[in-house]
Amino acid sequence: MAAPRSKLATTLPFLIRNLRKESPKPANQTLPSLRRAFSLYDQINLIDKVPEDQLRFQGYSDTGFTVNGVDYEGSVLVYEKLIMSWSPKKISEITQESLSIFKILKPVPDILLLGCGRYIEPIDPELRRFLRSTGMKLEVIDSRNAASTFNILNEEGRMVAAALLPYGVSS
């Protein structure tokens with residue numbers, strides 16, 4: 001009986017180490033689903049269908065995003081059923097002018113998710129003041145999490161907008 005215990009004692013740490021190792025990331029990474037059940041080994045997608053009239057980020061890469069099955073290269077600006085190519089290519093290019101559409105959009109989104117690329121970057125205080133003057137709250141996060149958060153808030157029926165730089169962008 002002592003032999004099986006010693007075999008278990010050597011095998012268990014090996015299994016735990018292998019489970020903890022991060023698998024290589026594919027070039028085009030899929031965003032997490034809106035609703036998940038968590039297990040030790042994997043996350044299981046509980047829903048597959050999204051209403052056709054809703055935009056949903058389905059993936060991202062270093063150079064763009066996949067929204068409702070369509071690949072978009074570069075930065076994007078998303079609001080309700082609208083997706084637009086967006087000119088900034090790095091965080092320093094995000095200005096009041098690049099976000100001026102929010103002065104004319106009606107109704108004004110409750111929140112703007114600003115995706116900075118791979119890492120969260122500080123935002124110019126003038127830009128923060130400008131966005132506050134529109135009545136929107138600002139959430140500055142990395143683009144992967146901004147896209148996922150957009151999916152969740154949009155599914156909940158919240159008035160949300162996202163301005164995202166590709167994930168490969170870093171300062």
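Residues are numbered from 1 along each chain as its sequence is written, and side-chain values rest on heavy atoms, with hydrogens and water left out. Because the model is predicted, local features need pLDDT of at least 70 and side-chain atom pairs count only at pLDDT 80 or more, while totals for chains, interfaces and linings use all residues.

Let's start with the whole chain. It holds three helices and eleven strands, where helices (H or I, at least four residues) and strands (E, at least two) are DSSP runs numbered from the N terminus. Read from the N terminus on, the elements follow the order α-β-β-β-β-β-β-β-β-β-α-β-α-β. Of the 171 residues, 37% are buried; buried means under 20% relative accessible area, exposed over 50%, and partly exposed in between, with a 1.4 Å probe and protein chains only. The accessible surface comes to about 10,700 Å², and carbon and sulfur atoms account for 55% of it; these areas come from the Shrake-Rupley method with a 1.4 Å probe, and for residues only the protein chains shown count as cover. Among contacts (heavy atoms within 4.5 Å) with a separation of 6 or more, 65% are between residues 24 or more positions apart.

Now look at the partners of β7. Strands count as paired if DSSP finds at least two bridges between them. With strand β8 (residues 82–86), β7 pairs in the antiparallel sense over five bridges, and S75 stands opposite W86 there. The hairpin of these two strands has two residues between them, and E80 takes a positive phi near 45° in it. With strand β11 (residues 160–164), β7 also pairs in the antiparallel sense, over four bridges; here L77 stands opposite A163.

W86 leads us on to the nonpolar cores. A nonpolar core is a set of buried Ala, Val, Leu, Ile, Met, Phe, Trp, Tyr and Cys residues joined through side-chain atoms within 4.5 Å. The largest has 21 residues, and W86, I94, L99, F102 and L112 have the most contacts inside it. At least two residues of this core come from each of β7, β9 (111–115), α2 (125–134) and β11, and α2 gives the most, with three. Leaving aside neighbours within four places in sequence, W86 is in contact with S75, V76, L77, I94, S98, L99, L114, A163, L164 and L165. Apart from this core lies another, of 18 residues, with L55, I111, L153 and V160 among them.

Next, the aromatic rings. Rings of Phe, Tyr and Trp (its six-membered ring) pair if their centres lie within 6.5 Å, and planes under 30 degrees apart count as stacked, over 60 as edge-to-face and the rest as tilted. The whole structure has three aromatic pairs. In one of them, the rings of F57 and F65 have centres 5.7 Å apart and planes at 75°, so the pair is edge-to-face. F57 is buried at 1% relative accessible area, and F65 is buried at 2%. The rings of F57 and F150 lie with centres 5.6 Å apart and planes at 90°, so this pair is edge-to-face. That pair links distant parts of the chain, 93 residues apart: F57 sits in strand β4 (residues 57–60) and F150 in helix α3 (residues 143–155). F150 is buried too, with a relative accessible area of 0%.

Not counting residues up to four places away in sequence, S143 touches F65, G115, C116, G117, L164, L165, P166 and Y167.

Our last stop is L138, in strand β10 (residues 137–141). Its C-alpha atom is 7.2 Å from that of L114, 24 residues apart along the chain. Beyond its neighbours within four places in sequence, L138 is in contact with L112, L114, R128 and L131.
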